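Subject: Structure handover

Hi,

Here is the structure I promised to pass on. Have a look at it first, and then read my notes below.

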Amino acid sequence: MDEILLHISQRLEALQVLLSSTLSSSRVHLQEWSQQIAPAVSRLKEIFTSCLYQLNGTVINFRDNASAIFIRTWNNASPLLTDLQERLWQIIQWLKEVFAQFWDLVSQRSISTPSFPSSVSPPKIPDGLVGIPKLPNGFVKSLPSNETSLQALMSQRSLGFAIGCVVGLTLGLNWKHKTLFSPVFMKAIAISSTKGIEGVSLVDDAPSPVILEPDQVLIEVVASSIDSVDLAICTGYGRAIRRLFGVSEKTLVLGRDCSGVIVEVGQGVAWLARGDEVWLALPPWRSGAMSELIVAKEQQVCLKPKMLNFEAAAAVPYAALIAWDAAVTQGGLSAQSASRKRVLVRDAGSAVGCVLVQLCKFWGAHVTAVVSARGKEVARQIGASEVLVANIDLDMELRSRPRYDIVFNTVGPSLNVLCQRAVDTDGKIICTAPVAAPADSYGLVFGTLYALWAKIKYFLQGESLIIKPWAPVNQGRTVLEQIRKLVESGQLQPVVDRVFSAADAELAFQHASSNTAVGKTVVHFRTLGRGRCLS
């Protein structure tokens, strides 16, 4: 037991020595560390003190400058205020003199007027006019001794009248008149949600548009067609841009192109007149054309080909503008440059694909069209040099052929890899599918930040921020004129798959979204009963 206690005491002494040495060394290290950081602390203290002095000096300078600016502004404005006060007082004095003369004139006329016969009852004097006695014949005497109080009252009223005149004149000069229109409703094909084509329906309470700018025209729609961008809009495409333009999403009207008759023109319209049969295309961020009436700018509207009926004309504009931009602007094709070019059109049975095949063939290019089995005959009829059916052997078939100078992808980014295998090393791949709209999937936080940035940029740059990807659609009149000439000469023909009534809008969109659709699906408004354009 004694041996155990001895070992414990030895261990405790060793532990005590270790703790003592550790504390001593820690004290030494702390002293050294404090000596090392002391200059840094002093330096920070000096910097902080200097910053305080500089901030104090800045505040004093700002206060002095602000005081000087205020005094200078007040000194400059004081003469103006004095002059304004004098002018206002002159107006008040003038009004007082005018009222005094008018009152004297009325008083003199009332005294000199002959009395009525006794059978005529005199006019009643309001009870509020106290202190003005009545003559026996019921007329008012000249002003009595309390005229001073009445003049003071009239002076106050004159002052109020003068101030009201000045304020009213100022508001009248600066008021921007806005015409108020009575609510008029029309029928339209619209979506109430962005969950797909299930939300498409014919509504009868869409607000009827009116001309608000001098370069606009009001068109009664006869027919409209369904584009691939309409199917994308049904799932929310472009909602952020439409929100930027203030387009309502509750009942968003669909349709990017249409044909119809002009029923009203703005004062600045020079090339169109009431009664003209026209066709047009609208950009994706605007409210659509599948309605009884639409308003569009003159630069978007063109006379339709006379040889086409309204249904056939409605199938061309939007697809033709997109195809023209892809072939001419991006591809550089024309009658001089397209000859000897090898062109591949993926999904040539789409609306844009049908136009691309005809344009490239007309300009002399060798066109290979890839279509579904149902569109094989259509591709041959519109002039494709070769027709390939899209199947599992298509990739092998394209690899065995010479590569192409230009590949038009009308499907979307999913075919970019296959298109890359078919294009030449120095060739081009041009995608005509709807351009990815920014901020559609940014979420709440980033979408809000983007909307704020877009509004600032839109305020500075205007519509150039928005229309750049769809510039040919927004400025479509020039291109539509050339398309019209090609149609009238027989070089370009519309491809219409099926025509539906507006009452069958759901069936029309189901057909347009199916894999069997070729060309355009058209919706007509002939049976909705407005009837002005059908005579």
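Let me start with the cysteines. The sulfur of cysteine 431 has its closest cysteine sulfur in cysteine 419, and the 8.1 Å between them is too far for a bond. A disulfide would need the two sulfur atoms within 2.5 Å. By that rule, the count for this model comes to 0 disulfides. Cysteine 431 counts as partly exposed because its relative accessibility is 33%. Cysteine 234, on the other hand, is at 0% relative accessibility and so counts as buried.

Before going further, please keep in mind that this is a predicted model.

Some overall numbers. The protein chain has 535 residues, and 37% of them are buried. Its secondary structure comes to 15 helices and 15 strands. The chain exposes about 32200 Å², with carbon and sulfur atoms supplying 59% of that. If you take the contacts between residues at least 6 apart in sequence, 69% of them join residues at least 24 apart.

Going through the pairings one by one: strand 1 (residues 185-191) and strand 2 pair in the antiparallel sense over 6 bridges. Within strand 2, valine 200 is the residue that stands opposite isoleucine 191. Strand 1 is also joined to strand 4, again antiparallel, by 2 bridges. There, alanine 190 has valine 253 of strand 4 as its bridge partner. How enclosed is strand 1 by the rest of the structure? Largely, because 5 of its 7 residues are buried.

Strand 12 (residues 404-409) and strand 13 (residues 423-431) run parallel and are joined by 5 bridges. Tyrosine 404 stands opposite valine 423 of strand 13. Together with helix 10 (residues 416-422), these two strands make a right-handed β-α-β unit.

Which residue of helix 10 would I point you to? Asparagine 416 has its place in that helix. Leaving out residues up to four places away in sequence, asparagine 416 touches Asn409 and Ile429. Isoleucine 429 is 13 residues away from asparagine 416 in sequence, and the two are 8.0 Å apart in space, C-alpha to C-alpha. With a relative accessibility of 33%, asparagine 416 counts as partly exposed.

Is aspartate 227 buried or exposed? It counts as buried, because its relative accessibility is 5%, and the cut-off for buried is under 20%. Setting aside neighbours within four places in sequence, aspartate 227 is in contact with Arg256, Asp257, Tyr318, Ala319 and Lys520.

Last, two backbone angles to look at. Most residues other than glycine have a negative phi. Arginine 340 has a positive one, near 70°. This arginine is found in the loop between helix 6 (317-330) and strand 9 (342-346), and arginine 340 counts as exposed because its relative accessibility is 84%. Aspartate 347 likewise has a positive phi, in this case near 60°. Its place is in the loop between strand 9 and helix 7 (351-362). Aspartate 347 is at 31% relative accessibility, so it counts as partly exposed.

That is what I have for now. Over to you.

Cheers

How values were computed:
Residues are numbered from 1 along each chain as its sequence is written. This is a predicted model: local features need pLDDT of at least 70, side-chain atom pairs count only at pLDDT 80 or more; totals for chains, interfaces and linings use all residues. Side-chain values use heavy atoms; hydrogens and water are left out. Two strands pair if DSSP finds at least two bridges between them. Helices (H or I, at least four residues) and strands (E, at least two) are DSSP runs, numbered from the N terminus. A crossover is right-handed if, with the strands pointing away from the viewer, the path from the first strand over the helix to the second runs clockwise. Buried means under 20% relative accessible area, exposed over 50%, partly exposed in between (1.4 Å probe, protein chains only). Contact means heavy atoms within 4.5 Å. Accessible areas come from the Shrake-Rupley method with a 1.4 Å probe; for residues, only the protein chains shown count as cover.
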